[in-house]
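Dear colleague,

Please find the structure below, handed over for your own work. The findings follow it, arranged by region.

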Amino acid sequence: PTPCTLHSQHSLYSQQQQQQQQKSTRVKNVWKYCSTCNIFRPPRTKHCDICKNCVCVFDHHCPWTGNCIGLRNHTVFLRFLLGLTVYSVFVFIFCVMVLLD
């Protein structure tokens, strides 16, 4: 093969690689169909078996709050954890003070 032929084959090969990369990135952004909810769900959406609905950016199902932690209530859940931590520290300090008296 001549250098021109090698170059054209190389550019063709690199074009094929670029097309495959574009296809793989497109596949990651494809909405999937949830047969339980009968809707198309966006990427990173999971179906919760406990709540029986799809949750966007699903983290987990919290038994203490009784709902799923996802995109819409993630900051509320973190505030709940912070409040619970502050309350636990307050109760611990109060119990130590009562025991020392």
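In which helix do Phe-90 and Phe-94 both lie, and how many residues apart are they? Both lie in helix α2, 4 residues apart, about one turn of the helix.

Before the details, two remarks on conventions are in order. This is a predicted model, in which local features need pLDDT of at least 70 and side-chain atom pairs count only at pLDDT 80 or more, whereas totals for chains, interfaces and linings use all residues. Residues are numbered from 1 along each chain as its sequence is written, and side-chain values use heavy atoms, with hydrogens and water left out.

Overall architecture and confidence

The secondary structure comprises 2 helices and 6 strands, where helices (H or I, at least four residues) and strands (E, at least two) are DSSP runs numbered from the N terminus. Along the sequence the elements follow the pattern α-β-β-β-β-β-β-α. Of the 101 residues in the chain, 12% are buried; buried means under 20% relative accessible area, exposed over 50%, and partly exposed in between, with a 1.4 Å probe and protein chains only. Among contacts with a separation of 6 or more, residues 24 or more positions apart account for 0%, a contact being heavy atoms within 4.5 Å.

The mean pLDDT of the chain (pLDDT is the predictor's confidence in each residue, from 0 to 100) is 82, and 72% of the residues reach 70 or more.

Aromatic pairs

The whole structure contains 3 aromatic pairs. Rings of Phe, Tyr and Trp (its six-membered ring) pair if their centres lie within 6.5 Å; planes under 30 degrees apart count as stacked, over 60 as edge-to-face and the rest as tilted. One of the pairs is Phe-90 with Phe-94, which is stacked, at 6.4 Å centre to centre and 20 degrees between the planes. Phe-90 counts as exposed because its relative accessible area is 54%.

His-47 lies in strand β3 (residues 45–48). With a relative accessible area of 19%, His-47 is buried. Leaving aside neighbours within four places in sequence, His-47 is in contact with Cys-34, Thr-36, Cys-37, Arg-41, Lys-52, Asn-53 and Cys-54. His-47 and Phe-58 are 11 residues apart in sequence, and their C-alpha atoms are 8.2 Å apart in space.

His-74 belongs to helix α2 (residues 74–100). This residue is partly exposed, at a relative accessible area of 33%. Not counting residues up to four places away in sequence, His-74 touches Asp-59 and Ile-69.

The largest pocket

The largest pocket has a volume of about 230 Å³. On a 1 Å grid over the protein atoms alone, a pocket is an open set of points where a 1.4 Å probe fits, with protein on both sides within 12 Å along at least five of seven lines, and lining residues have an atom within 4 Å of a point. Its lining consists of Asn-53, Cys-54, Val-55, Cys-56, Cys-68, Gly-70, Leu-71, Arg-72 and Asn-73. Strand β4 (residues 53–56) supplies the largest share of that lining, 4 residues. By class, the lining has 5 nonpolar, 3 polar and 1 charged residues.

Backbone points

Most residues other than glycine have a negative phi. Asn-38, however, has a phi near 60 degrees, a positive value. Asn-38 lies in the loop between β1 (32–34) and β2 (39–41), and is exposed at 53% relative accessibility. Arg-44 likewise has a positive phi, near 65 degrees. Arg-44 is found in the loop between β2 and β3, and is exposed, with a relative accessible area of 62%.

With kind regards

Conventions. Grid points are joined across faces, edges and corners, and a volume is the space filled by probe spheres set on the points. Ala, Val, Leu, Ile, Met, Phe, Trp, Tyr, Cys and Pro count as nonpolar, Asp, Glu, Lys and Arg as charged, and the others, Gly among them, as polar.
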